Amino acid sequence: MTVSSAPAPVSGNWLDRSLGRLLPRVSPRGRDLIGFLLVIGFVQAVFWGLYGSPLWPKPSNQQVDRIAFTETTLARLPKPTVLAAGQAVYEPVELPHTECCDPAYLALKLRFDLPAVPAEGLGLAAYQQVDNFIILVNGSIVFQRGEMVFPNQAFEGQKAVVDRIPSGLLRTGSNELLFITVRQGLPYTDLGPPLLGPWGEVSQWAEVRQWRFTDYRLLSGWTTFLIGLFAAMLAFRSQQRRFALWLAALCGAWSVFALYGLVLDPPFGGMVRLWLFFAVNSLIAVSLVGLIDAWTDRPLPRLQPALAAAFLAFIAFCALWPAVRPMPEGYDVPAIVWSWASAALGVMAAARLLWHFATREEPRRLEAALLTICAVCVVLDALGEHFGLNAGGFVVDAAPVLLLALAAAFVQRNFTLFKSSVGLNALLAARLSGREAELAVAHARERDMVRREAHDDERRRIMRDMHDGLGSQLMSMLLAARRGVADSEQVAEGLQSVIDEMRLMIDSMDSVGESLASAMATFHARVRPRVEAAGFALDWRVDVPGDLMDTPPRTALQVFRILQEAVANALKHSGGDRIAVTLLARPDGALTLSVADNGRTGGPKDGTGHGLANMRSRAALLGGTVALDHGEGGLTVSLTLPEATPEARP
């Protein structure tokens, strides 16, 4: 037999309501995951659609009427100078061409023919995978910038150089284009055919490329730098310190990566630059996973420390391996490790988000979907070269757009931060009123609990007094009457004792005032006639400062009952004719209450009677003690209460 239940009502945003109507049998957690996947698909489609659209211009040399090269030759040079290039022996090569593996100075000579010299000259766009180069046309230098001697070479070769070759340097017929290059650090020197054509067409292509690979990257670097700086400042004051630190690390790595191809004259050589490449690129992937783990607010145990440790271990490996292994192995092994590790981290970042949405309720779908674009870009940069993609540019292209979108999503989700001061004050006032009402209810509930506890204590005391006092006396009289040994005098004495006990119980249930002073005055007024009627003289002495007499009612009531018990014992058991009640303040601030009689017995010598046990129990509740002193002149019962200031009294 199957049991069906109606689907739970669907609430939330438009997507949640739509999924609830379309998938009523799917669990809420399953619908959340499906909704997240739909948002990912939408965001990815929008981003990559814009990335491939005309709104995101990409340089294309198809519109350039390129001039073909008739001859390409290559030579190794002892020095990166024009003189050394003129004396070198060249050998034919086909472009593109790769040289490996030691640091090298090369000279690449290309010949081209012109049927006529154009009046506006030619445009030359040269981008070679080298550190730096010098360009000569027909023996005249058209480009030379930065040092050429390693290990202090500049890195002008990391960006495309677009130059105008004036018509005065050209001639009809055969012309010569010469590149003198330097390469150190990366073991591979990749040489390709430069773009040579009419100046107008080359300059138009160069404008788009300049924006894409220079201006935009510079803007990206500054954008991520400012966001990272803001995150670093938040790390010292935010409760989400780890999230802010990972965001600062990710933005810092993005900024350095964007500036990597723009800072072309650093104070270090090719080996340090090679290590910096691995460090920055691996930090992007590591920081992205750490950022996502912290973003979930439920980080996986030990994941973030493991990421930091793995990053430090990898950059240490990248520093040591090229120093102990020959090229190209010194470069190839760290490159392979970085490539696959970064791809794995990108997949891990996406998987961490999916796991979070599969196991937790999470409304931040837009932010998470934008983070998946970061993960895809990391994977493409790591493995794009293996699939013929433009590796190395996806993260830089996506970084500022994604970070600004994340900031916008965060502000939209936390828009209450920007409410007016009047609205915030009204909100705080409403919350304060609600909190005050809650505290009033809690106080009333606590007061009722204290009252019920006091009533329960009083009920138990009355039952104990009736059992130990009235019950035992009435039972003794009943047994005496049944045995026929009770005479009228004994019955009268027994009944008088029962009446006295009932009066004491009634007095203890009546109000004793609001302080110890009131309790002592009430007791003195009520007990003196009874003591004197029983044939006893009462000596009364109270010598206590007024502030110590101002004790809480519950303390005064306990003292009142101990005093009743001690006087009742003296009346019943002492056999004397005088009772002295004394209340004194000791020099240390403690109070001492004593009840002394001049009788010969005074009750049990070992202090184990029920009355004495009750007195000790009540004294313990006050933090005090009860002591018995069996002297030759009678029994003295002493109650000692510790010092208590009015603020600290119970």
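Cys 251 is buried, because its relative accessibility is 0%; here buried means under 20% relative accessible area, exposed over 50% and partly exposed in between, with a 1.4 Å probe and protein chains only. The model is predicted, so local features need pLDDT of at least 70 and side-chain atom pairs count only at pLDDT 80 or more, while totals for chains, interfaces and linings use all residues. Residues are numbered from 1 along each chain as its sequence is written, and side-chain values use heavy atoms, leaving out hydrogens and water.

Now to the sulfur atoms. A disulfide is a pair of cysteine sulfur atoms within 2.5 Å, and the count by this rule is one. Cys 100 and Cys 101 form the disulfide, with their sulfur atoms 1.6 Å apart. Their link is right-handed, with 95° about the S-S bond. Cys 251, in contrast, is in no disulfide: the nearest cysteine sulfur belongs to Cys 374 and is 9.6 Å away.

Here is the accessibility of some residues:

| Residue | Relative accessibility | Class |
|---|---|---|
| Cys 100 | 33% | partly exposed |
| Cys 251 | 0% | buried |
| Cys 318 | 4% | buried |
| Leu 234 | 37% | partly exposed |

Leu 234 also leads us to the surface. It lies in helix α4 and belongs to a nonpolar patch with about 950 Å² of accessible area together, whose members include Trp 222, Phe 225 and Met 233. Helix α4, residues 199-234, gives the most to this patch, with eight residues. Helices (H or I) are DSSP runs of at least four residues, numbered from the N terminus. Patch residues have over 30% relative accessible area and no salt bridge, and nonpolar side chains are joined within 5 Å.

Terms used
Patches are made of residues with over 30% relative accessible area and no salt bridge: like charges are joined within 9 Å, nonpolar side chains (Val, Leu, Ile, Met, Phe, Trp, Tyr) within 5 Å. Accessible areas come from the Shrake-Rupley method with a 1.4 Å probe; for residues, only the protein chains shown count as cover. A salt bridge is a side-chain nitrogen of Lys or Arg within 4 Å of a carboxyl oxygen of Asp or Glu. Helices (H or I, at least four residues) and strands (E, at least two) are DSSP runs, numbered from the N terminus.
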